Structures are given as structure tokens and as C-alpha cells.
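Have the viewer open and follow along.

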Amino acid sequence: QVQLVESGGGLVQSGGSLRLSCAASSGLFIVETMVWYRQTPGKPRELVASITLGGATKYTDSVKGRFTISRDNPKKTLYLQMDTLKPEDTAIYYCNRESRQWSWGPGTQVTVSS
């Protein structure tokens, strides 16, 4: 079982930036399509961005042009650069593989004030 630990969240004003990190405990990380998800209370977890082993990326429409997903396979780390943040980006952010998810990490809280 792979352990995932997210970090980098915080409180930021609208228009600000944050960089999230997700550290994986296993080299299995490098062969998977990895995904950043986010969740707000009472709503299902939402896919935000994904990146394949080869570096191909996809984004949900609401973050296109503002967020950038990347990965450092030797470091077994996934990143999410978030720019021009909006209050509606407020959520707990999680990382995991695209399918047959591993156990979820603690997530990292992102709060964007208006």
C-alpha cells in the first residue's frame, strides 16, 4: 500500500498563489497517472488535474489556465501550482492515482479569501 502525504496549503487572498506537494512512499508512483482532487463539505470529491507517466496533462474547466500539475518521478512527488486563486477554489486538496485509488492521505486545506 502506498502512503500519500499532501502539503503546501494555507490561507491566501484572492488572486494569490500556492504550490501544493504530494509525497508518495513507493516507487509505484512513477508508473501511475496521478491526480489532484479537491473536496468541500457536503460535496463529492472533484478531479482537478491529472498527469500521465509521460507528462500529458488534463484539467477541469474551472482551473484551466490557472493551475499547473507536474511530477518529479525520482523524488516520487506530485505538484500543483495554483495561480490566480479564487474563493471557489477553497477546499481540501488530495492526491491519488486515477483508478483503484490507494488509501487517501490527510489532504491539505486551501482557503482563498475574497
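A salt bridge here is a side-chain nitrogen of Lys or Arg within 4 Å of a carboxyl oxygen of Asp or Glu. Before we use that, a word on the source: this is a predicted model, in which local features need pLDDT of at least 70 and side-chain atom pairs count only at pLDDT 80 or more, while totals for chains, interfaces and linings use all residues. Residues are numbered from 1 along each chain as its sequence is written, and side-chain values use heavy atoms, with hydrogens and water left out.

Side chains of opposite charge can pair when their charged atoms come close. The structure holds five salt bridges. One of them joins Lys64 and Asp61, whose closest N and O atoms are 3.0 Å apart. Asp61 counts as exposed, at 61% relative accessibility; the scale used is buried for under 20% relative accessible area, exposed for over 50%, and partly exposed in between, with a 1.4 Å probe and protein chains only.

Now turn to Asp89, which forms a salt bridge with Arg66 at 2.8 Å between the closest N and O atoms. This pair links distant parts of the chain, 23 residues apart: Asp89 sits in the loop between strand 8 and strand 9 (91–97), and Arg66 in the loop between strand 6 (57–59) and strand 7. Strands (E, at least two residues) and helices (H or I, at least four) are DSSP runs, numbered from the N terminus. Both Asp89 and Arg66 are buried, and for Asp89 the relative accessible area is 1%.

The side chain of Asp89 also meets that of Arg38 in a salt bridge (3.0 Å, N to O). Arg38 lies in strand 4 (residues 34–39) and Asp89 in the loop between strand 8 and strand 9, so the pair ties together parts that are 51 residues apart in sequence. Arg38 counts as buried too, at 7% relative accessibility. Which residues make up the network of salt bridges? They are Arg38, Glu46, Arg66 and Asp89.

Four strands form an open sheet in the order 1-3-8-7, with antiparallel pairing; two strands pair if DSSP finds at least two bridges between them. The edge strands, each pairing on one side only, are strand 1 (4–7) and strand 7.

Within this sheet, look at strand 8 (residues 77–82), where five of the six residues are buried. Six bridges join it to strand 3 (residues 18–24), running antiparallel, and Leu78 in strand 8 is the bridge partner of Cys22. Strand 8 also pairs with strand 7 (residues 67–72) in the antiparallel sense over six bridges, with Tyr79 standing opposite Ser70. Strand 7 and strand 8 form a hairpin with four residues between them, and Lys76 in the turn has a positive phi of about 50 degrees.

Thr108, in strand 10 (residues 108–113), is buried with a relative accessible area of 9%. Its side chain reaches the backbone nitrogen of Gly9 at 2.9 Å. Leu47, in strand 5 (residues 46–51), is partly exposed, with a relative accessible area of 36%. Not counting residues up to four places away in sequence, Leu47 touches Val35, Trp36, Tyr37 and Thr60, where contact means heavy atoms within 4.5 Å.

Terms used: Polar contact = N/O pair within 3.5 Å; in protein donor to acceptor, adjacent residues only side chain to side chain.
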